[in-house]
Amino acid sequence: MDLTTLPTLTALSNCVTMVEKDNVKIVRIIHDKAVAGIALHGGHVLSFQPKGQPDLIWMSSDTLFDGKAALRGGIPVCWPWFGRIAAPAHGFARSTEWTLVEHRENEQGVMISLGLETSEQTLAIWPHHFQIRLLVEIRDTLQVTLEIINTDKKEWVFSGALHTYLNVGDIRQTETTGMGLEYLDNLNHGQKTAGTNSLVLTDTIDRVYTQPEAQIRVKDPVLNRTLLIKNHGHNSAVLWNPWSQGAQAMADMDNEGYQTMLCVESTWHANSLEEGKTLQPGERYQLSTTLSAQ
């Protein structure tokens with residue numbers, strides 16, 4: 001996604017400006033190391049383009065920047081739950097307005113911090129008090145950390161994901177390794193399934209890999225690079241591509257969009273609201289993903 005052509009609303013520093021696309025304000029970073037963008041709507045990373053590289057992040061050309069719908073592509077923040085175990089699907093964080101908390105920069109890169117806290121709107125959906133921070137570090141690599149803090153007087157349970165859409169040259173030629181051998185197949189009622197060491201897609205996929213390695217590798221011969229994904233604080237890695245039938249069913253994805261994307265997600269997966277990660281009052285937890293190209 002090319003953010004460089006959007007006019008500047010506010011210059012926050014030499015490298016950080018605020019811009020707007022339709023009804024969505026975007027924190028734009030233009031640094032010697034990389035160009036990146038983060039939407040306040042959803043706390044949503046839209047782009048990360050290291051110097052001399054195509055974007056590592058995929059965005060749908062048909063996504064709506066109306067300030068209401070969740071954005072299609074980028075790195076959606078799925079929280080306080082992941083999946084369709086409650087409404088709205090994937091939680092409310094990805095369709096709520098976040099606040100810019102802090103920005104710092106030096107020769108090595110830029111750090112952006114966004115925040116979201118309890119409000120009347122969130123309490124109507126999820127009756128708990130919380131504070132979350134999205135820490136985005138833009139250097140030669142992109143590191144995204146979701147820090148979750150229980151500000152309530154009682155424990156609560158969450159699940160979630162950093163739902164990264166990777167930009168690839170041709171999904172049919174893309175080989176993924178490091179995701180592990182065992183997965184729950186969401187296309188087959190979550191059945192536990194034994195996989196293989198290497199994955200090249202020929203059809204739709206929706207899998208929760210329960211024993212991922214420390215690093216997942218996505219080899220992309222068309223763009224002549226390998227994408228490296230390192231996740232932390234997760235209990236699984238979700239791999240997803242809707243394929244042609246799924247893309248056609250989504251109004252915010254063009255029919256051919258599936259050909260150039262693959263989701264590799266840092267996920268705390270749970271089958272229900274009650275089965276997630278428990279956080280005590282005052283306790284905090286971090287879920288993160290780090291992306292780079294080789």
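This is a predicted model: local features need pLDDT of at least 70, side-chain atom pairs count only at pLDDT 80 or more; totals for chains, interfaces and linings use all residues.
**Close-up views of sheets, cores and rings**

View A. Residues are numbered from 1 along each chain as its sequence is written, and side-chain values use heavy atoms, with hydrogens and water left out. Strand β2 (residues 16-21) and strand β3 (residues 24-30) run antiparallel, joined by six bridges. Strands here are DSSP runs of E with at least two residues, numbered from the N terminus, and two of them pair if DSSP finds at least two bridges between them.

**View B. Zoom out, and five strands make an open, antiparallel sheet.** Their order is β1-β2-β3-β4-β5. At the edges are β1 (8-11) and β5 (44-50), each of which pairs on one side only. From one strand to the next, the twist averages 20° (axes are lines fitted to C-alpha atoms, with angles from 0 to 180 degrees between N-to-C directions).

**View C. Another open sheet, also antiparallel, brings nine strands together.** Follow it in the order β7-β8-β9-β10-β24-β20-β19-β14-β17. The edge strands β7 (99-106) and β17 (198-200) each have a single partner, so one side of each has no neighbour in the sheet. Neighbouring strands are turned by 15° against each other on average, ignoring direction. Within this sheet, nine bridges pair strand β9 (residues 130-138) with strand β10 (residues 142-150) in the antiparallel sense; V136 has V144 of β10 as its bridge partner.

**View D. Strand β20 (residues 225-232) is largely enclosed by the rest of the structure, because six of its eight residues are buried.** Buried means under 20% relative accessible area, with a 1.4 Å probe and protein chains only. Five bridges join β20 to strand β19 (residues 216-220), and the two run antiparallel. Look for R217 opposite L228 of β20. Four residues lie between the strands of this hairpin, where N224 takes a positive phi near 55°. β20 also pairs with strand β24 (residues 284-293), antiparallel and over six bridges, and here N231 stands opposite T289 in β24.

**View E. The largest nonpolar core has 70 residues.** Such a core is a set of buried Ala, Val, Leu, Ile, Met, Phe, Trp, Tyr and Cys residues joined through side-chain atoms within 4.5 Å. W79, I112 and L142 have the most contacts inside it. Apart from this core lies another, of 10 residues, including L3, L6, V19 and L46.

**View F. Here F158 and Y285 form a tilted aromatic pair.** Rings of Phe, Tyr and Trp (its six-membered ring) pair if their centres lie within 6.5 Å; planes under 30 degrees apart count as stacked, over 60 as edge-to-face and the rest as tilted. The two ring centres are 6.2 Å apart, with 55° between the planes. The pair links distant parts of the chain: F158 belongs to strand β11 (residues 156-158) and Y285 to strand β24, 127 residues apart. Both F158 and Y285 are buried. Ring pairs also link them into a cluster with W79, W81, F92, W126, F130, W156 and W268.

Definitions and conventions:
Buried means under 20% relative accessible area, exposed over 50%, partly exposed in between (1.4 Å probe, protein chains only).
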